Amino acid sequence: MIDDPGLRQHSTNVGVLSSFLGHCAGTQDSGWLDRLAEAAILHDIGKTRLDPIVLRKGRDVTRADMDHIRSHGILGAELLETYGGDLYALAATVAGHHHEAHDGSGYPQGLIGEAIPEEARIVALCDVYDALRSPRTYKPAFGHDHAMRIILNGDTRTRPQQFDPYLLGLFKRHSDDIGALYRAE
């Protein structure tokens, strides 16, 4: 089991950002947005079932290590499904699908477009934004403008095609609000 304050902060940030982006999308009521925020906080809970040594490796990960790390979504979904209830069902969906990509290049199932649940598409974008804004063993924290450039234009790891185009447009349109919200954390 890992005890990582960075993971806790990341999860909190993703919850706040996901609720905001969901609100901007306007597709659900405030009760759903509250549950989305809570579900998003649990999106990486499967990492608590991973080998902490592998998680701390940084750039020296092997293919087997990557497969192990990529299992965290399924592990999280399985764990959350055991609890039952609407919140945990939503959280299990988010955990299990937050690494799917709109263009089908994601995992674990390689789902495409709207086959990916809306809540997972929202969390996926917010997860990448916070990961870019946060320091990692393999990179420094990026500022808001740099993170937005990567999300909107791509780099060696991130491509705009991996995100729902509608949500990406909202993210761009509300960029200043997102930057301010992030700083308020």
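Predicted model: local features only at pLDDT ≥ 70, side-chain atom pairs only at ≥ 80, totals over all residues.

Colleague: At what angle do the axes of α5 and α6 cross, then?

Modeller: Helix α5 (residues 72-81) and helix α6 (residues 86-97) have axes that cross at roughly 170° and come within 7 Å. The two helices are therefore roughly antiparallel to each other.

Colleague: Which residues of α5 and α6 meet?

Modeller: On the α5 side they are Gly73, Gly76, Ala77, Leu80 and Glu81, and their partners in α6 are Tyr88, Ala91, Ala92, Ala95 and Gly96. By class, this contact has six nonpolar residues, three polar ones and one charged one.

Colleague: Now burial. Which residues of α5 are buried?

Modeller: Buried means under 20% relative accessible area. In α5 that applies to His72, Gly73, Gly76, Ala77 and Leu80. Looking down the axis of α5, you find these buried residues within an arc of 130°, so they line one face of the helix. Their cover includes α6 and also α4 (63-70).

Colleague: Where does α9 have its buried residues, and which residues are exposed on the other side?

Modeller: Helix α9 spans residues 165-173, and its buried residues include Leu167, Leu168, Leu170 and Phe171. Those four cover an arc of only 160° around the axis, which puts them on the same side of α9. Pro165, Lys172 and Arg173 are exposed on the other side of α9.

Colleague: Let me turn to single residues. Is aspartate 65 buried or exposed?

Modeller: Here you compare the relative accessibility with the cut-off for burial. Aspartate 65 has 9%, so it counts as buried. This residue sits in helix α4. Leaving aside residues up to four places away in sequence, aspartate 65 touches Val54, Lys57 and Asp60.

Colleague: And what does aspartate 130 touch?

Modeller: Aspartate 130 belongs to helix α7, and its relative accessible area is 0%, so it is buried. With residues up to four places away in sequence set aside, aspartate 130 touches His10, Asn13, Val14 and Tyr182.

Colleague: How many disulfides does a search of the whole structure find?

Modeller: The general idea is that a disulfide is a covalent bond between the sulfur atoms of two cysteines. To count as one here, the sulfur atoms must be within 2.5 Å. The search of the whole structure finds zero disulfides. Cysteine 24 is in none, and its nearest cysteine sulfur, that of cysteine 126, is 9.4 Å away. Cysteine 126 is likewise in no disulfide, with the sulfur of cysteine 24 as its nearest cysteine sulfur.

Colleague: Are cysteine 24 and cysteine 126 buried or exposed?

Modeller: Cysteine 24 is buried at a relative accessible area of 18%. Cysteine 126 is buried too, at 0% relative accessibility.

Note on methods:
Residues numbered from 1 in each chain as written. Heavy atoms only, no water. Buried < 20%, exposed > 50% of the residue type's maximum accessible area, 1.4 Å probe, protein only. Axes fitted to C-alpha atoms, helices over the stretch in contact; angles between N-to-C directions. Parallel < 35°, antiparallel > 145°, perpendicular 65-115°, else oblique. Contact = heavy atoms within 4.5 Å. Nonpolar A, V, L, I, M, F, W, Y, C, P; charged D, E, K, R; others polar. Arc of directions from axis to C-beta.
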